[in-house]
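Please open the structure in a viewer and keep the selection tool at hand.

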Amino acid sequence: MARARLNAPFTRLAGLLLGALLLVPAAADADVVPVLGPHGRIDRREAPGVAARERLPAAAGATHLGERRRPGSARAARRRTVLGELRRLRAAGALDAATRDAHRAEYLRDRRLARRLTGRRRVELAGVLATLDGLAARGSLTASRVPVLFLTLQRNREWWARGPLLASGQRVSFDGSQLVWQYVPGAGLQFHPLANFGKLNALFKARTGLVKMTRLLDELLPLAADRAGGIAWEYDYAFDGGLPPWVSSLAQGTGLQAMARAAVRAGRGDELLPRLRRGLRVFEVAPPAGVRTRADGGLHFVQYSFAPRLRILNGFIQSLVGLYDFAQIAQDRTAGRLFARGDAAARKEVPTFDTGAWSLYSRGTATYESDLNYHEVLIGFLQSLCDRTTTAVYCDAASRFRRDLRTPPRLSVPAQRLRAGRPGRLRFRVSKLSRVTVQLRRGGRLVLSRTSMLGRGRQSVRVTPPRRTRAYEVTLTATDLAGNAAGPVRAAVAVAAPARR
């Protein structure tokens, strides 16, 4: 039982943290991404604010076609198809005939191409097509989503027909475009809202990329979909149990911040700010359409619209930074009110994510400590909110978490007894997520060593002392994620003689 408590959460933590990298902005100011040019030529381009590669699992629940299967999905697919939905949109006047015909031809051509491709290229293009089929089957292929979905299909056709194979999580661009795409194994190249908003913010801060900034802004605006009575920049692939399309408070808040900044810098505030205000609507609507949940006398904005009870602090704090900045830039009362209600909840939530030695990544349906990257990301987001509001709870938390980067873990071992030759558990406590090593020595010679990555709190490791009973020296050491070491701590552990038979 104890072992399951130790190891299963950490296994789940690794998957959760790797998956959540989909949403966290890159720490680097500039990275280089491959750019697909004419005739399959690959160039390399600096993409400020964008990680060239992130560690990602395959799209959660993905099949070899990239789409999560559910009971009855085959029946639904027979009722609604991509071609049928394009006809329906044309009949309703939501698409003109030329657009319908072009997308119909593109879809059929890409299905034929997927059959001709082999290996990974076939899997990825088929995965994009299957995702599109799934959206159509669920009635989610709306007119406002057509631009981003068929641009995604086009980019995948171009890449998998001519481009090189990619590493999981790698980000790429295309000649003549500033948009960034991310490779999700099993789902192909996908439009990644936050990566693009991070790049837009970096171009804004650089002050030398006005042309690129304006081009990226113009490319992003048509990719918003109608959602929750407003607009949103959606994620269109299956992830961590959620089916597309889904939205993120982190991405939406950062997007409103970045696009409002860029619009004003480009002298287009009067033109674009009214449209961007429609992006606030998802913060006013509950999941799964929006991201608003009630919490702690205010509002919590969830990182994933399909996971309303999962609280991820770094995403919530950054969404508040985005709302605060949009309220200031656009002089928008709705954004200011949403920020105020989120701020009321965040002031109470932030202390609950402080373990006294490290930060928690999430609470609610899953409670885990941050890895090093997310601990540092959270410090940066809290500091941003501190700089804007001078609120003590944010400033103090940023300072405490910064100190945690320099403070070694604490280890304590109660007196206990093990029996020689019999499996047993050595019990101890550790103050934060650390790599813990347990060693048994006899007469100065190492006879047993165990190393495990363990979370905070009461823990234990399975050990079997050798049958020959003598005096054993038991020591523990721990090294946290920032490299701070504790120990060796000598344990008061008695090793009894084996039981007589």
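The stops below begin with the whole chain and then turn to individual side chains, a cavity and a loop residue.

**The whole chain**

Begin with everything displayed, and bear in mind that this is a predicted model. A cartoon view shows a protein chain with 14 helices and 21 strands. The chain comprises 501 residues, of which 56% count as buried. Among contacts between residues at least 6 apart in sequence, 66% join residues at least 24 apart.

**Salt bridges**

Side chains of opposite charge can pair when their charged atoms come close. How many salt bridges does a search of the whole structure find? The search returns 25, and several of them are visited here.

Select arginine 100 and aspartate 101 first. Their side chains form a salt bridge, with an N to O distance of 2.6 Å. Aspartate 101 counts as partly exposed, because its relative accessibility is 42%, between the limits of 20% and 50%.

Next, select helix 6, which spans residues 146-162, and show the side chains of arginine 155 and glutamate 158 within this helix. The two residues are three positions apart, about one turn of the helix. Their side chains meet in a salt bridge at 2.8 Å, N to O. Are these two residues buried or exposed? Both glutamate 158 and arginine 155 are buried.

Now select arginine 311 and glutamate 349, whose side chains are joined by a salt bridge of 3.4 Å, N to O. This pair links distant parts of the chain, since arginine 311 belongs to strand 10 (residues 310-312) and glutamate 349 to helix 12 (residues 333-352), 38 residues apart. Arginine 311 has a relative accessibility of 19% and therefore counts as buried, the cut-off being under 20%. Glutamate 349 is also buried, with a relative accessible area of 3%.

To finish this part, select Arg80, Glu85 and Arg88 together; a network of salt bridges links these three residues.

**The largest cavity**

The structure holds two cavities of 30 Å³ or more. The largest cavity has a volume of about 70 Å³. To display its lining, select Val128, Thr131, Leu132, Leu135, Leu149, Thr152, Leu153, Gln190 and Asp236.

Which helix gives the most to this lining? Helix 5 does, with four residues. Helix 5 (119-137) and helix 6 each supply at least two residues of the lining. Colouring the lining by residue type shows five nonpolar, three polar and one charged residue.

**Aspartate 332**

For the last stop, select aspartate 332, in the loop between helix 11 (313-330) and helix 12. Aspartate 332 counts as buried because its relative accessibility is 10%, and buried means under 20%.

Show the backbone atoms of threonine 334 and alanine 335 as well. A polar atom of the aspartate 332 side chain lies 3.1 Å from the backbone nitrogen of threonine 334. The side chain of aspartate 332 also reaches the backbone nitrogen of alanine 335, at 2.7 Å.

Definitions and conventions: Residues numbered from 1 in each chain as written. Predicted model: local features only at pLDDT ≥ 70, side-chain atom pairs only at ≥ 80, totals over all residues. Heavy atoms only, no water. Salt bridge = Lys/Arg side-chain N within 4 Å of Asp/Glu carboxyl O. Buried < 20%, exposed > 50% of the residue type's maximum accessible area, 1.4 Å probe, protein only. 1 Å grid on protein atoms, 1.4 Å probe; cavity = no way out; pocket = protein on both sides within 12 Å on 5 of 7 lines; lining within 4 Å. Points joined across faces, edges and corners; volume = space filled by probe spheres on them. Nonpolar A, V, L, I, M, F, W, Y, C, P; charged D, E, K, R; others polar. Polar contact = N/O pair within 3.5 Å; in protein donor to acceptor, adjacent residues only side chain to side chain. Contact = heavy atoms within 4.5 Å.
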